Amino acid sequence: MIFGFPPKYVKNITVPGLSDKQLFIIVIETIEELKWNVDSLFKTECVAITKFSWRSWSEEVTISINNGSIRLKSACIESQLIDFGKNKKNVTRFVSTFNRMKEELSLADIEAKIVKLENSLKAAVSIY
């Protein structure tokens with residue numbers, strides 16, 4: 001159980017052998033698998049919101065990617081003083097699911113998803 005304001009849990013992991021773009025795709029797939037809501041996407045960072053539960057009012061999970069390293073931070077959104085272990089559980093679930101997704105997705109699938117995402121972003125930018 002973490003105390004603080006807001007309570008949070010941070011963990012860094014290293015994932016050798018994959019580019020940051022490849023890691024980003026696996027991060028997105030992991031968030032979808034966990035059924036979290038994507039709040040914002042940036043080139044090297046993604047912010048997701050977990051589901052509301054009886055133990056918390058949701059948490060904001062920030063995933064930052066930099067040169068094969070991933071920094072995970074789960075923090076309570078509302079003014080909670082105790083997280084009942086929820087932030088650590090979010091990070092642990094993310095890492096476990098991420099590792100499974102990394103094994104399940106082929107490099108060809110990941111590269112195809114990169115192309116699709118880049119094309120979607122280019123189309124969105126050209127609209128504005």
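Author: Start with one residue. S74 is buried, with a relative accessible area of 0%. Keep in mind that this is a predicted model.

Reader: Where is S74 found?

Author: S74 sits in strand β5.

Reader: Which residues is S74 in contact with, leaving aside its neighbours within four places in sequence?

Author: Beyond those neighbours, S74 is in contact with P7, K8, Y9, E59, E60, V61, N87, N90 and V91. Two of these contacts deserve a second look. The side chains of S74 and N87 make a polar contact of 2.6 Å. The side chains of S74 and N90 are joined by another, of 3.0 Å.

Reader: Now the sheet. How do I read one?

Author: Strands of a sheet pair through backbone hydrogen bonds, and the pairing is either parallel or antiparallel. Next, find the order of the strands. Here five strands form an open sheet, and the order is β1-β5-β4-β3-β2. Their pairing is antiparallel.

Reader: Which are the edge strands?

Author: β1 (8–14) and β2 are the edge strands, since each pairs on one side only. Look at the twist too. From one strand to the next, it averages 20°.

Reader: How many bridges pair β1 and strand β5?

Author: Seven bridges pair β1 with β5, residues 69–76, in the antiparallel sense. I13 has I70 in β5 as its bridge partner.

Reader: Where do the helices pack?

Author: On the sheet. α1 packs there, touching β2, β3 (45–49), β4 (59–66) and β5. The direction of α1 makes about 160° with that of β4. α2 also packs on the sheet, and the strands touched are β1, β4 and β5. The direction of α2 makes about 145° with that of β5.

Reader: How many bridges join β4 to β5?

Author: Eight bridges join β4 to β5, and the two strands run antiparallel.

Reader: Which residues in α2 are buried?

Author: K86, N87, N90, V91, F94, V95, T97, F98 and M101 are buried in α2. Their cover includes β1, α1, β4 and β5.

Reader: How is a pair of aromatic rings described?

Author: By the distance of the centres and the angle of the planes. This structure holds two aromatic pairs. W36 and F94 form a stacked pair, 6.3 Å centre to centre with 20° between the planes.

Reader: Why does the pair of W36 and F94 tie together parts that are apart in sequence?

Author: W36 lies in the loop between α1 (20–34) and β2 (37–41), and F94 lies in helix α2 (residues 86–104), so the pair ties together parts that are 58 residues apart in sequence. W36 is buried, with a relative accessible area of 7%. F94 is buried too, with a relative accessible area of 0%.

Reader: What about F94 and F98?

Author: F94 and F98 form a stacked aromatic pair, 6.0 Å centre to centre with 20° between the planes. The two residues are four apart in helix α2, so about one helical turn separates them. Both F94 and F98 are buried.

Reader: Which residues do the ring pairs link into a cluster?

Author: W36, F94 and F98 are linked into a cluster by ring pairs.

How values were computed
Residues are numbered from 1 along each chain as its sequence is written. This is a predicted model: local features need pLDDT of at least 70, side-chain atom pairs count only at pLDDT 80 or more; totals for chains, interfaces and linings use all residues. Side-chain values use heavy atoms; hydrogens and water are left out. Rings of Phe, Tyr and Trp (its six-membered ring) pair if their centres lie within 6.5 Å; planes under 30 degrees apart count as stacked, over 60 as edge-to-face and the rest as tilted. Buried means under 20% relative accessible area, exposed over 50%, partly exposed in between (1.4 Å probe, protein chains only). Two strands pair if DSSP finds at least two bridges between them. Axes are lines fitted to C-alpha atoms, for helices over the stretch in contact, and angles run from 0 to 180 degrees between N-to-C directions. Contact means heavy atoms within 4.5 Å. A polar contact is a pair of N or O atoms within 3.5 Å; within protein, one must be able to donate a hydrogen and the other to accept it, and residues adjacent in sequence count only if both atoms are side-chain atoms.
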